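Please prepare a short briefing on the salt bridges and the strand arrangement of the structure shown below.

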Amino acid sequence: MTQFNETELTEAVVRSFDQTPDPRAKFLLQELVKSLHDYVSKTGLTFAEWEYAIDFLTRTGQKCTDTRQEFILLSDVLGVSMLVDAVNHREREGATQTTVLGPFYVGEHKVTAHGTDISPNNQTGERMFVQSRVTDLDGKPLANVPVDVWHADDDGFYDSQKPNYDEVGASARARFITDSDGRFFFRTILPCSYPIPTDGPVGEMIVQTNRHPMRPAHVHFLVNAKGYEPLITHVFMDGDKYLDSDVVFGVKDDLVAKVEPRNDLELPDGSKANGRWHLMTYEFHLKPGGGMAPKPLGTKAEEHA
């Protein structure tokens, strides 16, 4: 008879999943049990620590809403999101590097005309013009590709973090469709570095462990072309002081763009510039393949990402 003690318990629990019909689910569950039991044994976990962990995870779940995902944030700051991303994108073969989705891919990303100012109500941010192109690995332009973009404002907040989000709606968030040359372009404000939310259990952990909560300035892009792997990535601002210490470990050298300050009287699309502005230029290269792009939080399941 099996003795459910420290010596035999782990194998007994592993065997309990032997009849799992799905072999992948069986493998994942059995490996999870081994890792969790090994952690408890190695650390000599106390009852108080175990109870704190349960309470922490409970509060993490309670903090989640239709527009906030505290578990994604937890995964991000523990480096799990980037590790999952890395093991699923080992061979890039010249394709643009990927990085974390982040917890602020929310709401409807409306198809928007090229050249639109997606931050029209932000009067304090420095203006920025983003010009970009989507190609395959050989440089062939990809037309009619939806590209979702979103970023924080110059105070470091995403639209969904603001108390009037339900009334005001989206800001610094849109969807563009590439033209016949694979291009898309838009106006916005220059993002700044910002802290992750620290008003929940994840922030509590960051503060208690003396880690800083900062992310370097960036713009999110989700490029979803038929016949290609969906691309989830950021473009970071060169020179940001947090590039080497991103709290979610999301920075890669190839994703850092030099954003140029400009004083030209016209923007690249011929529209008038009002004072100093910044130019971001970046080209995305997609890898052939497939896969499902994630849906924004708070949207209906049938909406296409």
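Glu31 and Lys34 form a salt bridge (a side-chain nitrogen of Lys or Arg within 4 Å of a carboxyl oxygen of Asp or Glu), with the closest N and O atoms 3.1 Å apart. This is a predicted model, in which local features need pLDDT of at least 70 and side-chain atom pairs count only at pLDDT 80 or more, while totals for chains, interfaces and linings use all residues. Residues are numbered from 1 along each chain as its sequence is written, and side-chain values use heavy atoms, leaving out hydrogens and water.

**The pair in helix H2**
- Glu31 and Lys34 lie three residues apart in helix H2 (residues 23–43), so about one helical turn separates them; helices are DSSP runs of H or I with at least four residues, and strands are runs of E with at least two, numbered from the N terminus.
- Glu31 is partly exposed at 33% relative accessible area, and Lys34 is partly exposed at 36% (buried is under 20%, exposed over 50%, partly exposed in between, with a 1.4 Å probe and protein chains only).

**Other salt bridges**
- The structure holds 20 salt bridges.
- Arg68 bridges to Glu70 at 2.8 Å between the closest N and O atoms; Arg68 is buried at 18%, and Glu70 is buried at 0%.
- Lys63, Arg68, Glu70 and Asp199 are linked in a salt-bridge network.
- Asp85 and Lys252 meet in a salt bridge at 3.7 Å, N to O.
- This pair connects helix H5 (residues 80–88) with the loop between S8 and S9, 167 residues apart.

**Sheet**
- Five strands form an open, mixed sheet in the order S3-S2-S7-S8-S9, where pairing requires at least two DSSP bridges between two strands.
- Its edge strands are S3 (173–177) and S9 (256–257).
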